[in-house]
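Hello,

Here is the structure I promised to pass on. Please open it alongside this note, which goes through what was found.

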Amino acid sequence: GWGGGGAASLADLMPRNDISGQIKPALISELADKQWKVRGEALARITEIIATAKFITPALGDLPGALKGRLGDSNKNLVVTAVNILGSIATAMGAPVKKFLPIYGAALFNVLSDAKPQVRAAAVTCLDAYCQEIKLNTFLEGGYIAAGLATENPTLRGELLVWFEHKLGEAGSVCSEVKDTVAPLYSCLEDRSGDVRKKAQQVVPALMSHIGIDFMIKATSKLKGSSKQTVVAVLEKHRSAAPAATAAAPN
């Protein structure tokens with residue numbers, strides 16, 4: 001009907017350009033060239049194609065897979081460029097970009113494990129651009145956040161926990177798959193890194209505000225003795241963050 005849908009955003013009304021004709025096989029092979037300068041020139045060309053088109057259709061040919069390959073490039077400047085391109089694709093395409101996440105979503109989250117802060121910062125900016133278009137739920141439904149938190153890499157965990165806490169705070173509501181992040185979050189609460197443990201504790205109230213304390217306490221039943229005590233103590237400390245209906249201690 002004409003009722004509650006709200007006005008379409010300006011971006012939805014813009015004519016979209018099909019850039020697939022410009023993504024030639026030669027450009028795709030240059031992205032995988034042995035020489036980093038050739039790979040860099042190919043990335044620069046793609047940046048230009050997207051910037052010129054402004055709004056694009058989901059027709060990208062072999063580009064998504066080729067860009068995924070550059071997320072692990074030995075040249076860190078090219079990793080940053082590839083990540084920036086993925087962010088600009090999200091902004092230029094809008095919601096349909098979600099169909100490409102199965103190709104490079106996991107690899108994009110893995111960039112958060114990079115030793116260089118500027119590389120990780122580029123990945124965070126890129127993930128923010130995706131959230132703007134496809135919302136946090138798409139990442140939760142795809143299992144990317146749970147998988148990232150389950151990866152025993154303190155750099156990746158530290159970056160992802162801070163990002164996840166912010167996104168939970170911004171989200172009005174989240175899908176049921178958010179519950180899949182509880183077990184890996186408990187693992188982060190016992191990480192060897194004090195920094196990871198501290199950041200994980202800050203996610204607890206943000207997550208509890210969405211799913212309540214009862215589910216989170218029930219989920220500790222799978223933990224062993226001392227682990228269970230550690231996690232339950234953190235949960236109890238944040239009990240006041242739970243929605244009113246679940247905040248009271250059970251009778």
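Start with helix α13, residues 225-237. Its 13 residues, at 1.5 Å each, should span 18 Å, and the end C-alpha atoms lie 19 Å apart, so the two values agree. Bear in mind that this is a predicted model.

Which residues of α13 are buried? They are S227, V231, V234 and L235. Seen down the helix axis, these buried residues fall within an arc of 100 degrees, so they line one face of α13. An α-helix has 3.6 residues a turn, so residues three or four places apart point the same way. The buried residues of α13 pack against α10 (182-188), α11 (194-211) and α12 (213-218). On the other side of α13, G225, S226, Q229 and K237 are exposed.

Next, the core. The largest nonpolar core holds 79 residues. I89, Y130 and F139 have the most contacts inside it. Take F139. Setting aside neighbours within four places in sequence, F139 is in contact with L101, F109, L127, Y130, C131, I134, Y144, I145 and W163. In soluble globular proteins, nonpolar side chains tend to be buried together.

Last, two lysines to look at. K54 has a phi near 65 degrees, a positive value in a residue other than glycine. K54 sits in the loop between α3 (36-53) and α4 (63-70). Its relative accessibility is 60%, so K54 counts as exposed. K135 also is not a glycine, yet its phi is positive, at about 70 degrees. K135 lies in helix α7, residues 117-141. At 51% relative accessibility, K135 counts as exposed, because the cut-off is over 50%.

Best wishes

Methods: Residues are numbered from 1 along each chain as its sequence is written. This is a predicted model: local features need pLDDT of at least 70, side-chain atom pairs count only at pLDDT 80 or more; totals for chains, interfaces and linings use all residues. Side-chain values use heavy atoms; hydrogens and water are left out. A nonpolar core is a set of buried Ala, Val, Leu, Ile, Met, Phe, Trp, Tyr and Cys residues joined through side-chain atoms within 4.5 Å. Buried means under 20% relative accessible area, exposed over 50%, partly exposed in between (1.4 Å probe, protein chains only). Contact means heavy atoms within 4.5 Å. Helices (H or I, at least four residues) and strands (E, at least two) are DSSP runs, numbered from the N terminus. The expected span of a helix is 1.5 Å times one less than its number of residues. The arc is that of the directions from the helix axis to the C-beta atoms.
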